[in-house]
Amino acid sequence: MNVMDIFETMDYGPAPESPNLAQAWIAEHQPFGLFINNRWTAPANGQYIESINPATSKPLARVAAATSADVDAAVAAARAAFEMWSKTAGHTRARYLYAIARHIQKHARLLAVLESLDNGKSIRETRDIDIPLVARHFYYHAGWAQLMASELPGYEPVGVVGQIIPWNFPLLMLAWKIAPALAMGNTVVLKPARYTPLTALKFAEIMQEVGLPPGVVNILTGEASQVGEALVRHPGVNKIAFTGSTEVGRNIRRATAGSGKKLSLELGGKSPFIVFDDADLDSVVEGIVDAIWFNQGQVCCAGSRLLVQENIADRLIHKLRERMEKLRVGDSLDKAIDIGAIVSPGQLKEIQRLVQTGVDEGAEMWQPSWACPTDGYFFPPTLFTNVSPATTIAQVEIFGPVLVAMTFRTPSEAVALANNTRYGLAASVWSDNINLALDVAPKLKAGSVWVNCTNLFDASSGFGGYRESGFGREGGKEGLYEYVHPAWGNHTAVDTSANGHVTAQFLELPLTDGDHDLDDDNGYNEATPYDKLAAPLPTIDRTPKLFIGGKQARPDSGYSRFVYDPAQQVIGEVGEGNRKDIRNAVESAHAASGWAANSTHNRAQILFYIAENLAIRAEEFARRIVEQTGREMADAASEVEASISRLFSYAAWADKYEGTVHRPPLRGVTLAMKEPIGVIGITCPDEYPLLGFISLAAPAIAMGNTVVVVPSPQSPLSATDCYQVFETSDLPGGVVNIVTGDREMLAQVLADHDDVDAMWYFGTAEGSQRVEFASAGNMKRTWVDSGRARNWLDAAQGESAEFLREATQIKNIWVPYGE
Ligand code: NDP
């Protein structure tokens, strides 16, 4: 073909990127060993696995298959390195991260080619998106390493971090994990995905080049069943950071429950792409190309559900099909292709299966007229119309180049359809009416919302999910907290003079009663010890009921339980709450969700008012503490004073814990909004009956959540005495619900409940484990004390930004601007 012919047809000519350098690098290194202590090590069992080029289905390289013995060696290396790395000055760590960023840029072309060969994604994307974002991530976190001491005072690195990453953005996911971990002083053992190990191995070589101290970063290739599971269960690992499927995330949540390991999960999605009728349809079509055909649709935040306003649907679908007809599928190293290869035959099969399900369920499938190459794993861009919202293809993450389209009539219908998913990772909103777009964005249950744009990422703007898309954020300042913990948590000594009560912060709290029948629906313990009643009985003048929906409600069981003083004298009774009471309380908490939309000023006023009404009855509350705990009156009075002060603090924070405006490198801003999580289940500790209760409930409601609180079973009367305080403080019904009874049984019901969005458990180590395990059901966020008591009087332990962070989740709204 000569130039004149090309002008005639205007066809694309071949524009291949050369694989030679990458192939030479592979040939020189393979078979690849494991990267432990900055050395290449043969796997313990001598086994190797093959990595395939999905665009040709030919073998690319042989890499080591690590075993659990190799995991032990890598964790030991990381442990030893942690001693030194965690004490290395922030400035020194910043220099290393800066050097890594520079070296990534130096090797950018090789990394891009390797990534395309190994994953099948187009060179245009690896060269222009993946690798630049990787470098940016290390530069950005070099800054946080430098600033850690001044910006995160009182925080320490968590230790050795096990990081497990998927195959869809191999080097970018590595960067998202390793950069913040190292910046905060942690050491790392990372497992790349089975299908895409090569850029991680080149990254290991870069670690040698920059002279990173041995053991700070260790990289183990191999199978999930060998490496992944061993890392998750390893007692020497302090945190697991995982990106991948929701199912594996759920298993990891269960496997780490009660282990005290910190956990962040970035999981699947089924993100809506919402088009209003005033949107610029040509831009929308290009947006859709980026939303669902970027990386072959193998993107956790892919805009895989097109929601289009009914009156423009036909026009948009017509334009879209015209554009799809022109998309090019082919070899990942061809610079002129739009869509590369699917990562593996297994993934291709899964996409084919789900597409067939869509057809079988009655949706209308459309694909372009041209055929895909046949020598690799390719799938054409596919559009489904006539899709019903409840069908499989509208609900299940396909993780392929498949778009399902549905229509809506009104903005509220669009929001309802968009939120009709168990996921909550991302959403795009397209409208030329910015008022409409910014009204819709906060209503979407998603960690990232893109206005008139899609699939934008930057290190400054945290990324992560709501609901079953996981918890924790990567990027931004919020992402740093995933890799640190409060320094006080590491010290065992505690000042006992303040209360004479708590003897050690790491006190193992005993179970309140040893024998819980968790299936017992009424929660009533047959063995309630009447024989413990000592004569003569003190007067029992009233039994507080439960507090549900702003009203006092009789417990469903019809039973009550005794409350004893330290001398085992009965001092009162409270309702014996059960499963049904919790269900009613959760329902009331949901019904009060308007609390989140209240102005922050209004929430602050109500918290001040609660403090004021508590202060009026301070002496009575102090006496109640004395009665329940046997502590001195002065000590109890100081607990009441601390509770009033705490209410003031969260009243103050209600209108001050605000979001941030980021300036990512684009013409526009991202608005990082701190949003309430929803309904939070809370169980209170036994120490400090009033302060423990207030310290947990106040930050949760200050941030706009509604709560179902189980007070200390040992000393519940301080919480039940608050009913009247709440009733006289204009607190709307249902914002705070209180169910007394067996903490362990009620915590289990809350943790199992699919309509509870987060669970804060303060109680025992066993209870913490049960709550973390059960939370995997709907992947609710958990915050547990692992049976370690806090000193609630201490400001760092009992009142801090930690509480506010646990009460909020960050949504980043991307708003590009300019003509
Ligand atoms: P997985 O969730 O299985 O894999 C992600 C990572 O976890 C890989 O490194 C994998 O190792 C590892 N892994 C798998 N099982 C375990 C385990 N039990 N314990 C510890 N680590 C484990 O995703 P798949 O690759 O199997 O893809 C399946 C589906 O998951 C896709 O179709 C897609 O829907 C979704 N997915 C979502 C991603 C996201 O970004 N949210 C990314 C990738 C997939 P190995 O590679 O050796 O199996």
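1. Met365 stands opposite Phe384 in β14. On the other strand, β15, the bridge partner of Phe384 is Val404. Helices and strands here are DSSP runs numbered from the N terminus, helices being H or I of at least four residues and strands E of at least two.

2. The model is predicted, with local features requiring pLDDT of at least 70 and side-chain atom pairs counted only at pLDDT 80 or more, while totals for chains, interfaces and linings use all residues. Residues are numbered from 1 along each chain as its sequence is written, and side-chain values use heavy atoms, leaving out hydrogens and water.

3. β14 pairs with β13 in the antiparallel sense over 3 bridges, and with β15 in the parallel sense, also over 3 bridges. Two strands count as paired if DSSP finds at least two bridges between them. Strands of a sheet pair through backbone hydrogen bonds, either parallel or antiparallel.

4. Is β14 covered on one face or both? Both faces are covered: Thr382 and Phe384 on one side, and Leu383 and Thr385 on the other, are all buried (under 20% relative accessible area, where exposed is over 50% and partly exposed lies in between, with a 1.4 Å probe and protein chains only).

5. The open sheet has 10 strands, in the order β13-β14-β15-β12-β11-β16-β17-β31-β25-β24, with mixed pairing. Its edge strands, β13 (364-366) and β24 (660-662), each pair on one side only. From one strand to the next the twist averages 20°.

6. Helix α12 (residues 313-326) packs on the sheet and touches β11 (272-275), β12 (305-309), β13, β14 (382-385) and β15 (402-408); contact means heavy atoms within 4.5 Å. The direction of α12 makes about 160° with that of β14. Helix α13 (residues 345-360) lies across β13, β14 and β15, at about 25° to β14. Axes are lines fitted to C-alpha atoms, for helices over the stretch in contact, and angles run from 0 to 180 degrees between N-to-C directions.

7. Further along the sheet, strand β17 (residues 448-451) and strand β31 (residues 808-816) run parallel and are joined by 3 bridges. Trp450 has Trp814 in β31 as its bridge partner.

8. Another packing involves helix α3 (residues 68-85) and helix α9 (residues 224-233), whose axes are 8 Å apart at an angle of about 45°. α3 is therefore oblique to α9 (under 35 degrees is roughly parallel, over 145 roughly antiparallel, 65 to 115 roughly perpendicular, and the rest oblique). In this contact, Ser68, Val71 and Val75 of α3 meet Gln226, Val227, Ala230 and Leu231 of α9.
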